[in-house]
2 protein chains.
Amino acid sequence: MAESNEQVVRNKQVVLKKYVNVGLPKESDMEIRESSIQLKVPEGCKDSVLLKNLYLSCDPYMRSRMKKLETPSYVDSFQTGSPMNGYGVGKVVDSTHPDYKKGDLVWGFTGWEEYTITAPFLLFKIEHTDVPLTYYTGLLGMPGMTAYAGFFEVCKPKKGEYVYVSAASGAVGQLVGQFAKLLGCYVVGSAGSKEKVELLTNKLGFDAAFNYKEEQDLDAALKRYFPEGIDIYFENVGGKMLDAVLLNMRIHGRIAVCGMISQYNNERPDPVHNLMYIVGKRIRMEGFIVSDFYHLYPKFLELVIPSLKEGKITYVEDTAEGLESAPAALLGLFTGRNVGKQLVVISHD
Amino acid sequence: MAESNEQVVRNKQVVLKKYVNVGLPKESDMEIRESSIQLKVPEGCKDSVLLKNLYLSCDPYMRSRMKKLETPSYVDSFQTGSPMNGYGVGKVVDSTHPDYKKGDLVWGFTGWEEYTITAPFLLFKIEHTDVPLTYYTGLLGMPGMTAYAGFFEVCKPKKGEYVYVSAASGAVGQLVGQFAKLLGCYVVGSAGSKEKVELLTNKLGFDAAFNYKEEQDLDAALKRYFPEGIDIYFENVGGKMLDAVLLNMRIHGRIAVCGMISQYNNERPDPVHNLMYIVGKRIRMEGFIVSDFYHLYPKFLELVIPSLKEGKITYVEDTAEGLESAPAALLGLFTGRNVGKQLVVISHD
């Protein structure tokens with residue numbers, strides 16, 4: 001006789017149908033599939049949890065997982081025909097893991113589906129619940145840690161320095177700018193619409209912002225906003241913007257390379273010509289990935305939770321409702337449709 | 001009545017006739033001019049020295065000084081119509097500077113001429129004279145310090161790491177490779193001729209070496225020599241080589257950007273496409289210039305002088321005789337004519 005916690009429920013999933021190596025993926029490259037799941041960690045599955053997924057995080061790095069990667073990268077390709085996965089927020093429904101019990105809230109790696117059984121991998125227990133839970137897909141989750149690690153650990157900023165952030169209204173960029181302001185830097189951001197540019201200056205506290213799509217000459221735009229040059233560039237886009245930035249860096253400038261979203265759909269990346277400036281200006285350009293820095297998560301929360309409660313940090317989210325909206329929400333990142341952190345609500349409890 | 005140390009002597013000089021912004025300069029862009037000089041620091045010139053120049057150093061960075069630089073760089077343009085200048089070795093003939101006296105041997109910044117009057121700028125007194133004095137244009141001078149600072153301070157190498165050096169038989173590259181071997185790294189170098197490649201493995205102790213001009217596919221060549229990938233790339237050439245290296249770097253690899261000699265004569269630098277790899281591989285790419293590290297010169301000598309005397313380090317020089325040969329010797333750097341450190345002998349005493 002089945003116990004109540006063994007009930008079988010529907011489990012909708014987002015599945016990648018085929019790899020898309022070049023160009024902008026389409027919604028039809030993914031599909032919504034209905035499956036079912038027993039609400040219990042299966043017999044013999046040790047150290048596992050069954051999560052009810054509440055919020056999914058749409059992140060640019062997922063684009064490379066939609067490709068059939070020939071050479072190993074820091075992320076694996078998705079499995080076609082299986083549910084996609086990524087960061088999200090969930091609630092523990094059942095657990096055979098000693099550290100997790102029913103009712104625990106967690107954020108971290110989970111499936112793009114309603115319920116996921118997983119051996120906890122990159123799963124963090126949520127201790128602070130007096131803040132919006134959705135923030136654990138952004139401000140208090142992977143993108144927040146990315147901004148923190150990239151800005152403080154990689155850029156090693158100093159008060160008064162000139163900081164430039166591209167994709168500045170995005171999940172990571174909006175925080176880099178706010179961290180820089182907290183430290184006492186001068187911060188300019190760029191984004192791809194009037195609405196986003198207004199957000200940066202009116203809501204997020206950037207000193208200035210511009211719409212890169214309206215600039216004929218990115219070098220000239222940067223010279224206008226940084227007549228003294230740029231000490232720190234937080235790189236989210238790559239390509240032509242990087243080339244223009246290299247012309248405008250100051251001596252001993254630092255470029256933290258978080259991502260290059262302008263390049264992810266290209267068959268061949270855009271050329272960069274101005275690397276010679278790295279020598280004379282003694283520029284340090286350094287790539288990083290957030291998983292190298294998760295040991296700093298407690299230290300990060302010590303900074304961010306009080307700043308958030310005191311209103312010194314704010315966060316802009318773009319919310320899509322329902323698992324069905326996940327494919328479009330993900331793809332919107334690559335056309336800049338999202339305003340702020342893009343997340344998908346699967347369930348509110 | 002003139003005293004003996006006020007005698008007037010001939011002073012031959014190398015003069016840049018006109019700026020050469022693009023393309024390979026020609027010998028006729030420079031000229032040898034005969035001037036004369038009184039062998040005494042002029043009345044009223046405080047804190048100055050009059051040097052008899054013995055050896056001149058030909059260095060790749062001098063190419064950019066032959067251009068009319070629109071934006072300020074870490075080096076100035078040469079003055080057309082005036083003697084060129086650069087690193088060299090000289091003997092003090094007269095001095096009004098308290099730290100220098102007649103007969104002192106020095107290396108550092110001086111004129112491309114037989115005698116130079118200068119307020120000591122980047123001038124180091126030579127304390128060790130039981131080594132070839134010409135070495136102060138290379139091994140024991142600016143190129144030596146460049147190799148030392150770039151390898152130890154910028155790359156932060158560890159024993160057992162895989163190190164790749166381009167332009168490896170040059171003034172800097174040959175030392176980087178030897179430093180890496182002293183530390184216990186695996187070192188491969190590339191150069192542009194059979195003779196240079198043989199030098200690298202037979203005389204300079206590199207584990208392997210290849211002629212980049214004979215490789216159709218630089219990526220394939222690097223994969224052959226570094227099946228496990230590259231931890232440290234000491235960048236001297238730029239362009240296509242850098243693009244191929246980025247494909248072959250290991251996680252947490254470091255690229256010290258010392259120069260990009262393949263690019264100096266180009267109107268527009270060659271494109272680099274593979275910067276995306278900086279993110280996933282967490283590569284640190286960092287430019288440096290030696291003058292930021294001269295405070296380490298005593299520490300550098302502590303390593304190099306004993307290693308040299310014990311035969312653990314050797315040094316290959318390419319010597320041109322006479323000031324008249326200086327223009328051709330300098331330009332030879334850009335066609336790879338020199339084998340080892342290129343210097344010009346003005347006088348042996």
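In chain B, the axes of helix α2 and helix α8 (residues 297-309) come within 11 Å and cross at roughly 95 degrees. That makes α2(B) roughly perpendicular to α8(B). Angles under 35 degrees count as roughly parallel, over 145 as roughly antiparallel, 65 to 115 as roughly perpendicular, and the rest as oblique. This is a predicted model, in which local features need pLDDT of at least 70 and side-chain atom pairs count only at pLDDT 80 or more, while totals for chains, interfaces and linings use all residues. Residues are numbered from 1 along each chain as its sequence is written, chains are lettered from A and ligands numbered from 1 in the order in which they are written, and side-chain values use heavy atoms, with hydrogens and water left out.

**Helix α2 of chain B and its partners**

- The contact (heavy atoms within 4.5 Å) is made by B:Gly144, B:Met145, B:Tyr148, B:Phe152 and B:Glu153 of α2(B) and by B:Tyr297, B:Lys299, B:Phe300 and B:Leu303 of α8(B).
- By class, the contact of α2(B) with α8(B) has six nonpolar, one polar and two charged residues; Ala, Val, Leu, Ile, Met, Phe, Trp, Tyr, Cys and Pro count as nonpolar, Asp, Glu, Lys and Arg as charged, and the others, Gly among them, as polar.
- Helix α2 (residues 142-155) of chain B also packs with helix α3 (residues 173-183) of chain B, at an angle of about 50 degrees and with the axes 9 Å apart. That makes α2(B) oblique to α3(B).
- Axes are lines fitted to C-alpha atoms, for helices over the stretch in contact, and angles run from 0 to 180 degrees between N-to-C directions.
- On the α2(B) side, B:Gly144, B:Ala147, B:Tyr148, B:Phe151 and B:Phe152 meet B:Leu175, B:Val176, B:Phe179, B:Ala180 and B:Leu183 of α3(B). The residues of this contact divide into nine nonpolar, one polar and no charged.

**Helices α5 and α6 of chain B**

- The axes of helix α5 (residues 218-225) and helix α6 (residues 240-248) of chain B come within 9 Å and cross at roughly 45 degrees. α5(B) and α6(B) are therefore oblique to each other, and their crossing is right-handed.
- B:Leu218, B:Asp219, B:Leu222 and B:Lys223 in α5(B) meet residues of α6(B) that include B:Met241, B:Ala244 and B:Val245. The contact of α5(B) with α6(B) has six nonpolar, one polar and three charged residues.

**Interface of chains A and B**

- 28 residues of chain B are in contact with 28 residues of chain A.
- The two chains bury about 2,500 Å² between them, 66% of it on carbon and sulfur atoms; buried area is the accessible area (1.4 Å probe) that two parts lose on being put together, summed over both.
- In chain B, B:His273, B:Val279 and B:Arg282 lose the most area to chain A, together 24% of what that side buries.

**Salt bridges**

- The whole structure has 36 salt bridges over all chains (a side-chain nitrogen of Lys or Arg within 4 Å of a carboxyl oxygen of Asp or Glu).
- Two salt bridges are found across the interface of chain B and chain A. The side chains of B:Asp292 and A:Arg282 meet in a salt bridge at 2.7 Å, N to O.
- Another salt bridge joins the side chains of A:Lys125 and A:Asp104 at 3.8 Å, N to O. A:Lys125 lies in strand β7 (residues 123-125) of chain A and A:Asp104 in the loop between β4 (85-95) and β5 (105-111), so the pair ties together parts that are 21 residues apart in sequence.
- Helices (H or I, at least four residues) and strands (E, at least two) are DSSP runs, numbered from the N terminus.

Terms used:
Left-handed = near helix turned anticlockwise from the far one by under 90°.
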